[in-house]
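I set out to look up how this chain is folded and how its side chains are arranged. My notes are kept in the order in which I checked each topic.

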Amino acid sequence: MSEGYTEALQKAFDIALMQFGVANSIVVALENINAPTNTATPYLAGFILPAPVEDADLYFTDRRSGIYQVDVHYASHLGSAPINKMIDLLNAAFKPSTELVRGVICAEITNLSPYRDWE
């Protein structure tokens, strides 16, 4: 059975995030897979949040959009410095116009939006 578009999109981003994690020596937890339970272990968590699909045009192509969210987790006693450094590294690796290809899909990153939740 071949991959559907949603699965291919998620895998394209997940694989890129896993490669980023290896290159930057940080654990990556994909959606519902391998989230560390020890709060002393820094890690990134990737999630895909798809938006509604736009109808096909005359050339029979669908346009899909959404958000690939990456949560940055560090122990609270470390402060904001390691989080800021990791966000800068993520922004450099996944800058706008970056294209990720998997099978028949080509995903383009159009913007970045660092968001902080200080709860």
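**Entry 1. Basis of the notes.** I am working with a predicted model, in which local features need pLDDT of at least 70 and side-chain atom pairs count only at pLDDT 80 or more, while totals for chains, interfaces and linings use all residues. Residues are numbered from 1 along each chain as its sequence is written, and side-chain values use heavy atoms, with hydrogens and water left out.

**Entry 2. The sheet.** I took helices (H or I, at least four residues) and strands (E, at least two) as DSSP runs, numbered from the N terminus. I counted two strands as paired if DSSP finds at least two bridges between them. In what order do the strands of the open sheet lie? I found 3 strands in the order E1-E2-E3, with mixed pairing. E1 and E3 are the edge strands, each pairing on one side only. From one strand to the next, the twist averages 25°. For such angles, axes are lines fitted to C-alpha atoms, for helices over the stretch in contact, and the angles run from 0 to 180 degrees between N-to-C directions.

I then looked at E2 and E3, which run antiparallel and are joined by 8 bridges. Phe47 has Gln69 in E3 as its bridge partner.

**Entry 3. Helices on the sheet.** I used contact to mean heavy atoms within 4.5 Å. H1 lies across E1, E2 and E3 and runs at about 160° to E2. H2 also packs on the sheet, where it touches E2 and E3, and its direction makes about 145° with that of E3.

**Entry 4. The core.** I looked next for a nonpolar core, that is, a set of buried Ala, Val, Leu, Ile, Met, Phe, Trp, Tyr and Cys residues joined through side-chain atoms within 4.5 Å. Buried means under 20% relative accessible area, exposed over 50%, and partly exposed in between (1.4 Å probe, protein chains only). In soluble globular proteins, nonpolar side chains tend to be buried together.

The largest nonpolar core has 23 residues, and Leu17, Phe20, Leu44, Val72, Met86 and Leu90 have the most contacts inside it. Two or more residues each come from helix H1 (5–23), strand E1 (27–30), strand E2 (43–50), strand E3 (66–73), helix H2 (81–93) and strand E5 (105–108). H1 gives the largest share, 7 residues.

Which residues does Val72 touch, leaving aside its neighbours within four places in sequence? I listed Tyr43, Leu44, Ile83, Met86, Ile87 and Leu90.

**Entry 5. The hairpin.** Strand E4 (residues 99–102) pairs with E5 in the antiparallel sense over 4 bridges. The two strands form a hairpin with 2 residues between them, and Gly103 in the turn has a positive phi of about 60°. Glu99 stands opposite Glu108 in E5.

In a regular strand the side chains alternate between the two faces of the sheet.

**Entry 6. Two serines with positive phi.** Ser25 has a phi near 50°, a positive value in a residue other than glycine. Ser25 sits in the loop between H1 and E1 and is exposed, with a relative accessible area of 71%. Ser97, in the loop between H2 and E4, has a positive phi near 80°. Ser97 is likewise exposed, at 53%.

**Entry 7. Salt bridges.** I counted a salt bridge where a side-chain nitrogen of Lys or Arg is within 4 Å of a carboxyl oxygen of Asp or Glu. How many are there by this rule? The count comes to 3.

- Lys11 meets Glu3 at 3.2 Å, N to O.
- Glu3 meets Arg102 at 2.7 Å, N to O. This pair links distant parts of the chain, with Glu3 in the segment before H1 and Arg102 in strand E4, 99 residues apart.
- Glu7 meets Lys11, the closest N and O atoms being 2.9 Å apart. Both lie in helix H1, 4 residues apart, about one turn of the helix.

Through shared partners, these salt bridges join Glu3, Glu7, Lys11 and Arg102 into one network. I noted that Glu7 is partly exposed at 37% relative accessibility, and that Arg102 is partly exposed at 26%.
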